[in-house]
Amino acid sequence: MAKGNDKKVVRQARHVVLDTLGNLFESHRERKFTQGGRPLSRAQFCTGNNLNESTVSHIETGRVLGLTFPQLRRYLATTHGRNDAKFSDSAKKVYDGLKELDNLLKML
């Protein structure tokens, strides 16, 4: 494969990872936050947990890299009930790595 095609495959893989993470976050939220056996809507979840609906939408639709890490951290702390250093550091490494991937591809 040519170099340009290789970069394209890496970018597509990055997109798949972001989309899949967003889907994972959304399905976790829908399983954990229910009312009467039915998942809360995104709006109900955000209102009940004092989160910005557009931020949650960005995270759950794979556009998390357009946000800052503290926004993601707050979402993860709410949905997973964890805000310890180990959990946060792990999430930060993944976030930074995905963000840095585009910069690396430009330099290659």
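1. A residue is called buried when its relative accessible area is under 20%, exposed when that area is over 50%, and partly exposed in between. The model is a predicted one.

2. Overall layout. The chain contains five helices and two strands, and their order along the sequence is α-β-β-α-α-α-α. The C-alpha trace spans about 55 × 30 × 20 Å along its principal axes. Of the contacts between residues at least 6 apart in sequence, 55% join residues at least 24 apart.

3. Nonpolar core. The largest nonpolar core has 20 residues, and the members that touch the most others are Phe-45, Ile-59, Leu-72, Tyr-75 and Leu-76. Each of H1, H2, helix H3 (53–60), H4 and H5 supplies at least two residues of this core.

4. Surroundings of Ile-59. Leaving aside residues up to four places away in sequence, Ile-59 touches Gly-22, Phe-25, Val-64, Leu-67, Gln-71, Leu-72 and Tyr-75. Two of these partners, Leu-72 and Tyr-75, are also named among the core members that touch the most others.

5. Packing of H1 on H4. Helix H1 (residues 3–32) and helix H4 (residues 69–80) have axes that come within 10 Å and cross at roughly 35 degrees. The crossing of H1 past H4 is left-handed. On the H1 side the contact is made by Phe-25, Glu-26, His-28, Arg-29 and Lys-32, and on the H4 side by Leu-72, Tyr-75, Leu-76, Thr-78, Thr-79 and His-80. By type, the residues of this contact are four nonpolar, four polar and three charged.

6. In one of them, the side chains of Arg-14 and Asp-102 meet at 3.3 Å, N to O. This pair links distant parts of the chain, with Arg-14 in helix H1 and Asp-102 in helix H5 (residues 85–107), 88 residues apart. Arg-14 is buried because its relative accessible area, 12%, falls under the 20% limit. Asp-102 has a relative accessible area of 24% and is therefore partly exposed.

7. Arg-42 and Glu-26 form a salt bridge through their side chains (3.2 Å, N to O). Arg-42 belongs to helix H2 (residues 42–49) and Glu-26 to helix H1, so the pair ties together parts that are 16 residues apart in sequence. Glu-26 is also one of the H1 residues in the contact with H4.

8. Lys-92 is partly exposed at 32% relative accessibility, and Asp-96 is partly exposed at 33%. Elsewhere, salt bridges with shared partners connect Glu-26, Arg-29, Arg-42 and Glu-60 into one network.

9. Pro-70. Which helix holds Pro-70? Pro-70 is found in helix H4. With a relative accessible area of 56%, Pro-70 is exposed. The C-alpha atoms of Pro-70 and Lys-92 are separated by 9.3 Å, and the two residues are 22 residues apart along the chain.

Note on methods:
Residues are numbered from 1 along each chain as its sequence is written. This is a predicted model: local features need pLDDT of at least 70, side-chain atom pairs count only at pLDDT 80 or more; totals for chains, interfaces and linings use all residues. Side-chain values use heavy atoms; hydrogens and water are left out. Axes are lines fitted to C-alpha atoms, for helices over the stretch in contact, and angles run from 0 to 180 degrees between N-to-C directions. Helices (H or I, at least four residues) and strands (E, at least two) are DSSP runs, numbered from the N terminus. A crossing is left-handed if the near helix is turned anticlockwise from the far one by less than a right angle, and right-handed if clockwise. Contact means heavy atoms within 4.5 Å. Ala, Val, Leu, Ile, Met, Phe, Trp, Tyr, Cys and Pro count as nonpolar, Asp, Glu, Lys and Arg as charged, and the others, Gly among them, as polar. A salt bridge is a side-chain nitrogen of Lys or Arg within 4 Å of a carboxyl oxygen of Asp or Glu. Buried means under 20% relative accessible area, exposed over 50%, partly exposed in between (1.4 Å probe, protein chains only). A nonpolar core is a set of buried Ala, Val, Leu, Ile, Met, Phe, Trp, Tyr and Cys residues joined through side-chain atoms within 4.5 Å.
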